[in-house]
Amino acid sequence: MNRRFNLLDEPWLPVRLQDGRVCDLGLLELFERAGEIGALAETAPPSLIAQYRLLLAIVHRALSCAQGRWTDAERARWYRQGLPAEAVRDYLEHWRERFWLFHPEQPFMQVAALAGAVETRDRHKPWSQISLASASGNAPVLFDHSCDLAPRPIAAADALRTLLGFLQFTPGGLVKVLRDADKAGALANTAAVMPLGASLAQGLCLALHPPTPAGHEDLPSWEQTPPGVAQLRGEPRLASGPNDRYSRLARAVLLLSDEEGRVQWIRFAAGIALAEDAQAPDPMASYRAGSHGPVRLSFAEGRAFWRDLPALLPEDEGLASQPAAVLGWAANLQFLAGGGEQPVLVAGLASDQAKLLRWRSERIVLPTALLASADCANALRRQLRRAEALFGDIRTLAAGMLAEIRPDPAGKDTWARARSLFDAGPAPALYFATAERALGRLMALLGSGDSDDLARAEALWSQTLLAAAQAAWQTACDGLGRSPKALRAEARAYPRLLARLSPLHPAEDHAAVADEEARA
């Protein structure tokens with residue numbers, strides 16, 4: 001294999017420029033124009049997060065090599081004036097040999113030893129093996145028609161972007177080459193968080209992790225000694241730091257190119273397994289409280305992500321949530337820069353063991369005060385708990401109506417079926433979609449810290465929840481039908497609904513405020 005496709009020069013990273021145009025750039029040009037770039041334009045959420053992590057590892061190592069340690073004041077200066085492009089360029093040129101995608105000895109983010117290993121040298125896998133959106137093996141995908149026996153060749157740039165997302169988000173499971181099974185990637189089953197700025201340069205400054213402690217080396221994979229078969233067979237290793245996590249070879253892959261530089265086949269094996277350390281969680285992963293300890297935040301089917309916003313916010317005791325470290329770094333920088341709002345990208349892939357379920361990306365704008373103040377964050381938590389409690393009560397009442405019109409209305413199975421019918425219907429989505437319309441205004445009021453704004457927030461959210469509850473209830477009643485049993489069940493449940501909604505009706509002195517905020 002000859003050296004081909006250098007990431008420094010070849011256009012492979014999709015970016016959206018400030019004027020809205022989308023184009024592909026190589027690494028050197030990307031960092032030269034980082035201030036002109038609004039954000040990365042990758043459309044696959046796992047690959048998007050992986051590309052940001054790659055850029056963060058490059059910037060961190062470039063600054064570490066150029067000046068060692070740095071302060072938040074220097075980071076604030078880079079945020080205002082731009083990244084030190086010369087330091088990044090010097091670093092990339094120094095490691096140019098490690099950024100060839102196709103290289104006989106040191107291919108980028110791959111394991112050249114697979115070409116000579118007895119277990120892999122004569123075994124090829126389709127490139128779809130590393131695609132989280134393709135049908136491969138016994139993992140069918142509805143709108144993909146890949147065939148393992150005759151995979152469609154893809155361009156080198158597409159293969160690279162696919163590989164980066166796969167290494168970060170691959171679930172654990174059977175591998176059967178070098179080891180029977182392997183650990184998951186660093187972000188498996190994770191809704192990863194990335195703070196965004198007005199430009200790509202600002203976004204990288206916001207998410208940049210602190211300098212590596214003196215005497216400790218946190219090297220990305222391209223600076224490490226290329227792994228051999230012995231390392232691939234070894235026990236899981238703890239990450240030496242974010243740079244290691246952001247570029248860990250969770251699976252051993254070797255891309256095989258044809259004469260036109262396209263990729264149809266790969267070599268594939270177990271990788272350098274990542275051992276998890278509860279004291280050093282991934283900087284982009286957030287955790288919420290679970291029945292048996294903290295649970296990594298992921299995407300759930302049919303569940304709006306804003307319902308889990310408390311997991312992104314600080315909490316005094318750390319029992320209810322553990323926000324991603326990148327949000328703390330961003331909040332510190334916003335405090336120095338005087339920023340009032342922090343846009344956040346939440347993207348990733350949900351999986352159940354080795355089964356891939358769904359991927360998603362969302363963009364949320366959070367007031368900086370919510371990221372920096374536990375008191376402001378707790379005020380939002382209280383309001384979101386009100387929304388969840390009210391929905392739980394409506395769900396119980398609606399399930400009771402559904403059970404009452406079925407045979408054996410008091411039976412356990414009847415109630416379970418009734419709850420399932422309600423959950424599968426339109427009422428839950430309508431309730432939370434209606435509430436979401438006021439979420440931005442609610443966060444802005446709570447983030448101001450003004451006592452009058454807190455009263456406005458309370459009144460606004462009460463009126464919003466009232467409207468959401470009424471809309472969801474009407475939808476649930478429409479689903480009952482108009483039979484005598486259904487009308488009787490609705491009549492019995494309605495007084496209990498009114499009693500539950502009574503506290504949400506605004507007092508006369510707050511009614512005008514609530515109406516004003518609802519129109520804002």
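1. Two strands count as paired if DSSP finds at least two bridges between them. On that basis, and in what is a predicted model, three strands make up an open sheet ordered β6-β12-β11, with antiparallel pairing. β6 (125-126) and β11 (251-257) each have a single partner strand, so they stand at the edges and one side of each lacks a neighbour in the sheet.

2. The pairing of β11 with β12 (residues 263-270) is antiparallel and extends over seven bridges. Within it, Val253 has Phe268 of β12 as its bridge partner. Helix α5 (residues 156-169) lies across both β11 and β12, and runs at about 170 degrees to β11.

3. Another open sheet has three strands in the order β9-β17-β18, and its pairing is antiparallel. Here β9 (190-195) and β18 (355-367) are the edge strands, each pairing on one side only. On average, and ignoring direction, neighbouring strands of this sheet are turned by 15 degrees against each other.

4. β9 and β17 (residues 341-352) run antiparallel and are joined by six bridges. Opposite Pro195 stands Val344 in β17.

5. Ser298 belongs to the loop that connects β15 (293-296) with β16 (321-322). Is this residue, Ser298, buried or exposed? Its relative accessibility is 16%, and because buried means under 20%, Ser298 counts as buried.

6. Beyond its neighbours within four places in sequence, Ser298 is in contact with Asn189, Thr190, Ala191 and Ala350. With Asn189 there is also a polar contact, side chain to side chain, at 2.9 Å from Ser298.

How values were computed: Residues numbered from 1 in each chain as written. Predicted model: local features only at pLDDT ≥ 70, side-chain atom pairs only at ≥ 80, totals over all residues. Heavy atoms only, no water. Helix = DSSP H or I, 4+ residues; strand = E, 2+ residues; numbered from the N terminus. Buried < 20%, exposed > 50% of the residue type's maximum accessible area, 1.4 Å probe, protein only. Polar contact = N/O pair within 3.5 Å; in protein donor to acceptor, adjacent residues only side chain to side chain. Contact = heavy atoms within 4.5 Å. Axes fitted to C-alpha atoms, helices over the stretch in contact; angles between N-to-C directions.
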